[in-house]
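Please read the points below with the sequence and the model open beside you.

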Amino acid sequence: MTSHTDINGRGRRDQEEVAHMRVFITGASGWIGSAVVDELLAHGHQVIGLARSDASAASIEAKGAEVLRGDLDTLDVIRAGSEAADAVVHLANKHDWTNQAETNRAERAAVQTIGDALVGTGKPFLVAAGVAGLTPGRAVTEADPNPSHGPDAPRGGTENLALEFADRGVVPVSLRFAPTVHGDRDHGFIALIADADRRAGTAAYVGDGEQRWAAVHVQDAARAVRLALEQATPGLIVHVVAEEGVPTRAIAEAIGTFEGLPVASVDPAAAQEHFGFIGMFFGMDLSAESSRTQEVLGWTPTGPTLLEDIAAGAYRA
């Protein structure tokens, strides 16, 4: 058997030895979650997807996965789903930008509930995180700690909360996603930027546009999640990042070319007037690299780049 070394210095098994698992996924009908469900099912795993609506339940069932009805506030349901599975992938988030305190509260409560349910089981617990604000001025690496601790921190400090369960018989893994997980009909941050540009009649970037955004195609992201699940080790930090940093000016130019809009700079003070809340992030450098993740997981991103997706119409009206 070939030996491989992971980020934590441990050996990992060859892919042919990976056991199929029964995986509970929150956010299973979301943009990333849907792709992860497809990826896991295609590789022989079973999936239980948390669904808060009839439409979400129907989409999960149509893929061939089981459904557990509930949401981030039904903690008893989340606990039951976690206990019934061999592993948990937590991708759900309220994403209520008008009430971040409530979003963070719900996120922390869900992570605490899942962690408590898995104590002493040795089960993998993968939790979604991000790269924003971790290392201003340079690309984030897997070795960089997250400074957010406690319920009042960004995302409720849940990356560190999850990692603390490594000392309690759980196998926590942090999935640090790029700020844009792109693809056809993505409705995330780049979609909001494109919508704002169409409303304003100008494809804009903030300041000099030299800020960079890490990016990954949704199918590459789903594959990284599966590989992280199959090769989970306690405290593993995974960067779900294909492109280290796409200049925001280049993003604006690609949107402008596709939409036939002029391209212009907006002053940082006027960014939220043009973009809405996303203007606060579009003016930040959110770059990250994933060389260690790619080496550890044997993951090589192959999907289209962000600019290729924009040019192909992924963010058309």
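1. A charged pair to begin with. Arginine 138 and aspartate 144 form a salt bridge, with their closest N and O atoms 2.8 Å apart; the term is used here for a side-chain nitrogen of Lys or Arg within 4 Å of a carboxyl oxygen of Asp or Glu. Buried means under 20% relative accessible area, exposed means over 50%, and partly exposed lies in between, with a 1.4 Å probe and protein chains only.

2. What kind of model this is. The model is predicted, and for that reason local features need a pLDDT of at least 70 and side-chain atom pairs count only at pLDDT 80 or more, while totals for chains, interfaces and linings use all residues. Residues are numbered from 1 along each chain as its sequence is written, and side-chain values use heavy atoms, with hydrogens and water left out.

3. The chain as a whole. The secondary structure of the protein chain comes to 12 helices and 14 strands, where helices (H or I, at least four residues) and strands (E, at least two) are DSSP runs numbered from the N terminus. The radius of gyration is 19 Å, close to the 20 Å that the globule rule gives for 317 residues, so the chain is as compact as a globular protein of that length. This radius is taken over C-alpha atoms, and the globule rule is 2.2 Å times the number of residues to the power 0.38. Along its principal axes the C-alpha trace spans about 55 × 45 × 35 Å, and buried residues make up 52% of the 317 residues.

4. Contacts along the chain. Among contacts between residues at least 6 apart in sequence, 79% join residues at least 24 apart; a contact means heavy atoms within 4.5 Å.

5. A search of the whole structure finds 20 salt bridges. In one of them, glutamate 66 pairs with arginine 22, the closest N and O atoms being 2.6 Å apart. This pair links distant parts of the chain, with glutamate 66 in strand 5 (residues 66-69) and arginine 22 in strand 3 (residues 22-26), 44 residues apart. Glutamate 66 is partly exposed at a relative accessible area of 35%, and arginine 22 is partly exposed at 22%.

6. The side chains of arginine 212 and aspartate 285 meet in a salt bridge at 3.9 Å, N to O. Here too distant parts of the chain are linked, with arginine 212 in strand 11 (residues 212-217) and aspartate 285 in the loop between helix 10 and helix 11, 73 residues apart. Salt bridges that share partners also join Asp73, Lys94, Glu102 and Arg105 into one network.

7. Leucine 286. This residue lies in the loop between helix 10 (279-282) and helix 11 (291-297), and leucine 286 is buried, with a relative accessible area of 3%. Leaving aside neighbours within four places in sequence, leucine 286 is in contact with several residues, including Val131, Pro179, Arg212 and Trp213. Leucine 286 and threonine 135 are 151 residues apart in sequence and 8.8 Å apart in space, C-alpha to C-alpha.

8. A buried charge without a bridge. Where is the nearest side chain of opposite charge to aspartate 197? Aspartate 197, in helix 6 (residues 189-200), is buried yet has no salt bridge, and the nearest such side chain, arginine 198, is 7.9 Å away. For charges, Lys and Arg count as positive and Asp and Glu as negative, while His and the chain ends are not counted. Beyond neighbours within four places in sequence, the contacts of aspartate 197 include Thr202, Ile255, His274 and Phe275.

9. Alanine 129 and arginine 155. Alanine 129 is found in strand 7 (residues 124-130) and is buried, with a relative accessible area of 7%. Among the residues in contact with alanine 129, leaving aside neighbours within four places in sequence, are Arg155, Glu159 and Phe177. Arginine 155 lies in the loop between strand 7 and helix 5 (158-163), and arginine 155 has a positive phi of about 55° although it is not a glycine.
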